[in-house]
Amino acid sequence: MTTARTPGHGPLTGVRVVELAGIGPGPFAAMLLADLGADVVRVDRPGGPGLAIDPAYDVTNRNKRSVVVDLKAPDGPDRVLGLAARADVLVEGYRPGVAERLGVGPEPCHARNPALVYGRMTGWGQDGPLADRAGHDIAYIAPTGTLGMIGRPDEPPAVPANLLGDYAGGSLYLVVGVLAALHHARATGAGQVVDAAIVDGVSHLATMIHGMLAAGGWQDRRGANLLDGGCPYYGTYETADGRYMAVGALEPQFYEEFLTLLGIEDQAAARKDVTRWGELREQVAARFKTRTRDEWTAVFDGTDACVAPVLSLREAPHHPHLAARGTFTDHGGITQPAPAPRFSTTPTSVRTGPARPGADTADVARDWDVPGLLPSSRNSQ
């Protein structure tokens, strides 16, 4: 049976989103909405945001359009409010109170558009004793207990880039909240504010771990548990060429196949015997050091031993499975992850490269019927 595909660029085709330019989780959340088909207009500030890269390479601005508005100019807030009046969603990532001081907070936006979903992305949230404090991913995830879970027990906690806080606990929770609020707004006509805080999202990600902790099935220290590297058949091992293999052979049948292919079948009883885990880890490590990463990849290829090579960012697009699925795509000469997840009826794609600041002002003014976006000389014609 072939499912008919609908016209458009994804399941959010027809949804209008205003993104007030920032860095980190806000732009990524807006990119995800754009990947899903939303018409995302990024309101860039003159001079661009801090920590900016060359706009030509900032793929978090793909599938978007850009206008430049100086919110500190006399007509700046009204130009943004004109967009908000036509939008379904607005996303901002300022510190609490900044949008209000700039004249584009929830109150004036909802006065123009009562059904607007106003998404707020911060590290600490809109209230609490640290709400006004600056910070970045690592400082947000540290108090939640999640950073302290990651790494070897005899070393400082490992830094998970900014994936865990900014994007998993931040962007993705903002998108979930925005879509839920959008569903409510379309059912009732009432918009609302979505307060997405990285500290909340990251804490929520550890829900299962907290349950295990309460049940006595998780020790509150690094490298002592089944899923944090404490278990010798769930972790990474160096190979003969200084690269690594990842092992996740948790279930008995996968563990048995793992031992057989690794050549240490005599360690079958060590799976449940924690007192033998040290010996098991040493034997596994010694075996992996006898061959290169690619040689071990060939050994485990096509098996259910749950072993995979640890690839670099540049290697990942060439992995046979990822290449076959088209997990990565090339657009405008930049190799980048393709939109995810996938839809049978409303497929998504990378439609345009990174939006250039201000390049789409005239088109947005026309398409959204917001003539106030245009310079006064053009607006009067």
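Reader: Where does K64 lie?

Author: In this predicted model, K64 lies in strand β3, which covers residues 64-68.

Reader: Why is K64 called buried?

Author: The relative accessible area of K64 is 4%. Buried means under 20%, so K64 counts as buried.

Reader: What makes the pairing of K64 and E19 a polar contact?

Author: The side chains of K64 and E19 are joined at 2.8 Å. The cut-off for such a pair of N or O atoms is within 3.5 Å, so the pair qualifies. The side chain of K64 also makes a polar contact with the side chain of N61, at 3.2 Å.

Reader: Which residues does K64 touch, not counting those up to four places away in sequence?

Author: With those neighbours left out, K64 touches E19, P27, A30, M31, A34, V40, R42, T352, A355 and D360. Contact here means heavy atoms within 4.5 Å.

Reader: What does the side chain of D35 make a polar contact with?

Author: The partner is the side chain of R62, at 2.7 Å. Leaving out residues up to four places away in sequence, D35 touches H9, R62, N63, P339, T348 and R351.

Reader: Why is L227 called partly exposed?

Author: L227 has a relative accessible area of 33%. Partly exposed lies between the limits of under 20% for buried and over 50% for exposed, so L227 falls into that class. The residue is found in the loop between α8 (207-214) and β7 (234-238).

Reader: Which residues make the nonpolar surface patch of about 340 Å²?

Author: M208, L226, L227 and Y234 make this patch. A patch residue needs over 30% relative accessible area, and L227 has 33%, so L227 passes that cut-off.

Reader: How many disulfides does the structure hold?

Author: The structure holds zero disulfides. C306 is in no disulfide, and the nearest cysteine sulfur, that of C231, is 12 Å away.

Reader: What share of the chain is buried?

Author: Buried residues make up 41% of the 381 residues in the chain. The chain exposes about 19400 Å², and carbon and sulfur atoms supply 56% of that area.

Reader: How many helices and strands are there in the chain?

Author: There are 14 helices and 11 strands. The C-alpha atoms fill a box of roughly 85 × 50 × 40 Å, taken along the principal axes. Among contacts between residues at least 6 apart in sequence, 66% join residues at least 24 apart.

Terms used
Residues numbered from 1 in each chain as written. Predicted model: local features only at pLDDT ≥ 70, side-chain atom pairs only at ≥ 80, totals over all residues. Heavy atoms only, no water. Patch = residues over 30% accessible without salt bridge, like charges linked within 9 Å, V, L, I, M, F, W, Y side chains within 5 Å. Areas by Shrake-Rupley, 256 points an atom, 1.4 Å probe, with all protein chains shown as cover. Salt bridge = Lys/Arg side-chain N within 4 Å of Asp/Glu carboxyl O. Helix = DSSP H or I, 4+ residues; strand = E, 2+ residues; numbered from the N terminus. Buried < 20%, exposed > 50% of the residue type's maximum accessible area, 1.4 Å probe, protein only. Disulfide = S-S within 2.5 Å. Polar contact = N/O pair within 3.5 Å; in protein donor to acceptor, adjacent residues only side chain to side chain.
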